[in-house]
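Some labels in a structural description rest on cut-offs. Please go through the labels for this chain and say what each one rests on.

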Amino acid sequence: MQWRAEAEPPRGRGRALERKQLIAVVALVAVVGGALWLRNYFSPGQVVRRQLFEAVAAFENGKILGVMPKISRSYTDRWGGSYESLGGNIQSVIEAYDDLEMDYDIGSVDVRDGEVRIGLEFVVSGSWEGSRGAVLGTSLDPCRATLLWVEEQPGWRLRETEELDIPEYREELERRREP
């Protein structure tokens, strides 16, 4: 038996062509992947999620001026609320409690015709007079809301709370609900 050396791949022009093809394929994959990522990153649903995240962070840090720019000046809700009354309610919670924390879970995200609806479950906890506890909702009975966001200048803002269930205020919310 005679052993033969394996044939070596061609050197020179053929090898350079393979390398150029590989670089072109990698570049194409990077461009397509980047475009898909950017499309997702700047999609209305993702932008609104980031807006909500920023508003929650500002609320937890007691910064009302970080929350209010996320809310439309034309905000309304079925309970007679407005931009001003919502801001007042948020400010009163910030002033009444220390170490606020909002645990939330985004459920549905529906994007249609320049609007984004987000279904949300949340629990707000905080400290008051040295003890820590639930402020709104509990892990067993969380608050629920459907929020309508619209694109305005210069960005997406909360325009309406379409549905709201706060366990501690169910009866009051039902009484105040406009038909």
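The questions below take the labels one at a time.

Q: What kind of model is this, and how are its residues numbered?
A: This is a predicted model, in which local features need pLDDT of at least 70 and side-chain atom pairs count only at pLDDT 80 or more, while totals for chains, interfaces and linings use all residues. Residues are numbered from 1 along each chain as its sequence is written, and side-chain values use heavy atoms, with hydrogens and water left out.

Q: How many helices and strands does the chain have?
A: The chain has 5 helices and 6 strands, where helices (H or I, at least four residues) and strands (E, at least two) are DSSP runs numbered from the N terminus. Along the sequence the pattern reads α-α-α-β-α-β-β-β-β-β-α.

Q: What is the average pLDDT of the chain, and where does pLDDT stay under 50?
A: pLDDT is the predictor's confidence in each residue, from 0 to 100. The chain averages 86, and 79% of the residues score at least 70. Over residues 37–41 the pLDDT stays under 50. Where pLDDT is low, the predicted coordinates should not be read in detail.

Q: Why is Asp-98 called exposed?
A: By the rule, buried means under 20% relative accessible area, exposed over 50%, and partly exposed in between (1.4 Å probe, protein chains only). Asp-98 has a relative accessible area of 52%, so Asp-98 is exposed. Asp-98 lies in strand E2 and touches Gly-126, Ser-127 and Arg-132, leaving out residues up to four places away in sequence; contact means heavy atoms within 4.5 Å.

Q: Why is Glu-178 called partly exposed?
A: The relative accessibility of Glu-178 is 44%, and therefore Glu-178 counts as partly exposed. Glu-178 sits in the segment after helix H5 (170–176).

Q: What makes Arg-132 and Glu-101 a salt bridge?
A: A salt bridge is a side-chain nitrogen of Lys or Arg within 4 Å of a carboxyl oxygen of Asp or Glu. For Arg-132 and Glu-101 the N to O distance is 3.6 Å, and their side chains meet in a salt bridge. This pair links distant parts of the chain, with Arg-132 in strand E4 (residues 131–136) and Glu-101 in strand E2, 31 residues apart. By the rule the count comes to 13 salt bridges.

Q: Why are Arg-176 and Glu-172 separated by about one helical turn?
A: Arg-176 and Glu-172 are 4 residues apart in helix H5, so about one helical turn separates them. Their side chains meet in a salt bridge at 3.6 Å, N to O.

Q: What is the nearest side chain of opposite charge to Glu-160, and how far away is it?
A: Arg-78 is the nearest such side chain, at 4.4 Å; Lys and Arg count as positive and Asp and Glu as negative, with His and the chain ends not counted. Glu-160 is buried yet has no salt bridge, and Glu-160 lies in strand E6 (residues 156–165).

Q: How do you know that E2 and E3 pair?
A: Two strands pair if DSSP finds at least two bridges between them. Strand E2 (residues 98–112) and strand E3 (residues 115–128) pair in the antiparallel sense over 11 bridges.

Q: What makes a nonpolar core, and how many residues has the largest?
A: A nonpolar core is a set of buried Ala, Val, Leu, Ile, Met, Phe, Trp, Tyr and Cys residues joined through side-chain atoms within 4.5 Å. The largest has 35 residues, and those with the most contacts inside it include Phe-59, Ile-71 and Trp-149. Helix H2 (residues 44–60) gives the largest share of this core, 6 residues.
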